[in-house]
Amino acid sequence: MPKILIRNLNNKTISANDAKKSILDIIHSESVDWMHACGGKGKCTTCKMVVHAGIDTLGTDTEPEERLRGLERLAENERLACQCKLSGDIEISVAEGNKFPHIEYSA
């Protein structure tokens, strides 16, 4: 079962029980507050995650990610949590500009 490690949330580890769900849905199912202004439709970058390890397990960019990457709103090591499905372990962080003020993030 693939795992998500969120570095700047005190190395929180989440096991992905359903590979059909988006990473955003998996994170939310574990009661982790993760921004998603467009409702998970890939129209913004508020669910952006910085991928430190395992980016190759996320498959190719989706059409919304390609569009946002073309607008220079996604770096090479960033993906949208609402668009990605998990097929292996990943290490991620909440992007700096997408942090909630009510959550205390680790370094």
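The sulfur of C47 lies 3.7 Å from the closest cysteine sulfur, that of C82, which is too far for a bond; a disulfide is taken here as a pair of cysteine sulfur atoms within 2.5 Å. The model is predicted, so that local features need pLDDT of at least 70 and side-chain atom pairs count only at pLDDT 80 or more, while totals for chains, interfaces and linings use all residues. Residues are numbered from 1 along each chain as its sequence is written, and side-chain values use heavy atoms, with hydrogens and water left out.

For C84, the closest cysteine sulfur is also in C82, at 8.0 Å, again too far for a bond. The count by this rule is 0 disulfides. C47 is buried, with a relative accessible area of 3%, and C84 counts as buried at 1%. Buried denotes under 20% relative accessible area, exposed over 50%, and partly exposed the range in between (1.4 Å probe, protein chains only).

The chain contains 2 helices and 5 strands, arranged along the sequence as β-β-α-β-α-β-β. These elements are DSSP runs numbered from the N terminus, with helices (H or I) of at least four residues and strands (E) of at least two.

The largest nonpolar core comprises 27 residues, and those with the most contacts inside it are I4, I6, I23, I27, W34, M49 and I92. Such a core is a set of buried Ala, Val, Leu, Ile, Met, Phe, Trp, Tyr and Cys residues joined through side-chain atoms within 4.5 Å. At least two residues of this core are supplied by each of β1 (3–6), α1 (23–29), β3 (48–53) and β5 (90–94). The largest share, 4 residues, comes from α1. In soluble globular proteins, nonpolar side chains tend to be buried together.

With residues up to four places away in sequence not counted, W34 touches I6, L24, I27, H28, C47, K48, M49, A81, I92, S93, V94 and F100; contact means heavy atoms within 4.5 Å. Among contacts in the chain between residues at least 6 apart in sequence, 63% join residues at least 24 apart.

E104, in the segment after β5, is exposed, with a relative accessible area of 72%. Its C-alpha atom is separated by 18 Å from that of H36, 68 residues apart along the chain.

Of the 107 residues of the chain, 46% count as buried. The C-alpha atoms fill a box of roughly 30 × 30 × 25 Å, taken along the principal axes.
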